[in-house]
Amino acid sequence: MADAADIAAVLSEVRVATGVARAALPIAAGVAGECDECEWWMPRLIEGRCAFCRDGRPRPADWEPPVPHSSSPVATLPVCKEAQPMPAKSIQLPAIAVVAITAVEQLATDRNIALGQAAAELIERGIAAPAASAPVPALERTDIDTLLGMVRARFDDRDEERIELAAVLKRAEVAEARAAEAEAKLVKIRAINAE
Ligand SMILES: [Zn+2]
C-alpha cells in the first residue's frame, strides 16, 4: 500500500514533468495593450490578459504601472494634415460651354498656367464678383474676338459652299447653252436637208 512518501514522490515527478513540458512550449511574443481583465496597460498580453491575471497573482505592493511605449496607438503622433498634398479634383467641361472653355484656355495661355489653375481662378473670380454684376457675363475682349472668329469661320464655310454651288450651276448653265446651241444647229441642218 502506497504511503504519504510515495504519493509525495509521484506528485514531485508530475510537477517536474509539467515544468519541463511548459519550458519546451514556444513562448508567445504577446502584444502590448490594455488587459481584458485588470484593464491596466501592459507591455505583454497573451490572449488579451497580462501575466498577473493569467497567473492569478496579486500585484506587488511596490508595483508601478508601465508607461505605454511608442508602438501603442495612443502614443502615436497625430499626422499633420497640412503636410499631405491635397488630392486634385477632375472636372470635365461640357463641349457646349464654348465661352467657359475659351476663357479658361485664354487665361491659361496668357498667364502660362495649367488649365485647371485657370479654371479655378475664373470660378473663384465668379464667386467673388458682386451679385449685381452676375447677370452680365464678364466677357473679355479676347473672348469676344474668339467667338467672332468662330462665327466668321461658320459663315466662311457657308460662303465656300455657296461658291461651290455657284460653280456647279455655272457649269450646268454652260452645258445647257451648248446643248441648246447644238440642238439649234441640228434643227437648221434638218431644215436644209428637208428643202
Ligand atoms: Zn491583467
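Student: Buried means under 20% relative accessible area, exposed over 50%, partly exposed in between (1.4 Å probe, protein chains only). What share of the protein is buried?

Tutor: Buried residues are 10% of its 195 residues. This is a predicted model, so local features need pLDDT of at least 70 and side-chain atom pairs 80 or more, while totals for chains, interfaces and linings use all residues. Numbering runs from 1 along each chain as its sequence is written, and side-chain values use heavy atoms, without hydrogens or water.

Student: How many helices and strands are there?

Tutor: The protein has 5 helices and 2 strands, taken as DSSP runs (H or I, at least four residues; E, at least two) numbered from the N terminus. Along the sequence the order is α-β-β-α-α-α-α.

Student: On to the metal. Which residues coordinate the zinc ion?

Tutor: Cys35, Cys38, Cys50 and Cys53, each through SG, at 2.2 to 2.3 Å. Donors are N, O and S atoms within 2.8 Å of the metal (3.2 Å for Na, K and Ca); water is not among the atoms, so sites may look incomplete. The spacing in sequence is C-x2-C-x11-C-x2-C.

Student: Where do Cys35 and Cys53 lie?

Tutor: Cys35 is in the loop between strand 1 (31-34) and strand 2 (41-45), and Cys53 is in helix 2 (residues 51-55), so the pair ties together parts 18 residues apart in sequence. Both Cys35 and Cys53 are buried.

Student: Why call the zinc site tetrahedral?

Tutor: Because the 4 donor atoms subtend angles of 100 to 116°. For four donors, all angles must lie between 85 and 135 degrees.

Student: What does Cys35 contact beyond four places in sequence?

Tutor: Trp40, Leu45, Gly48, Arg49, Cys50 and Cys53, with contact meaning heavy atoms within 4.5 Å.

Student: And which residues form the largest nonpolar core?

Tutor: Six of them: Cys35, Met42, Leu45, Cys50, Phe52 and Cys53. Strand 2 and helix 2 are the elements giving two or more residues to this core. A core is a set of buried Ala, Val, Leu, Ile, Met, Phe, Trp, Tyr and Cys residues joined through side-chain atoms within 4.5 Å. A second, separate core has 5 residues, among them Leu107, Ala108, Ala118 and Ala119.

Student: Is Glu39 buried or exposed?

Tutor: Glu39 is exposed, at 59% relative accessible area.

Student: What about Glu47?

Tutor: Its phi is also positive, near 50°. Glu47 lies in the loop between strand 2 and helix 2. Its relative accessibility is 77%, so Glu47 counts as exposed.

Notes
Four donors count as tetrahedral if all angles lie between 85 and 135 degrees; four count as square planar and six as octahedral if opposite donors are over 155 degrees apart and all others between 65 and 115; anything else is irregular.
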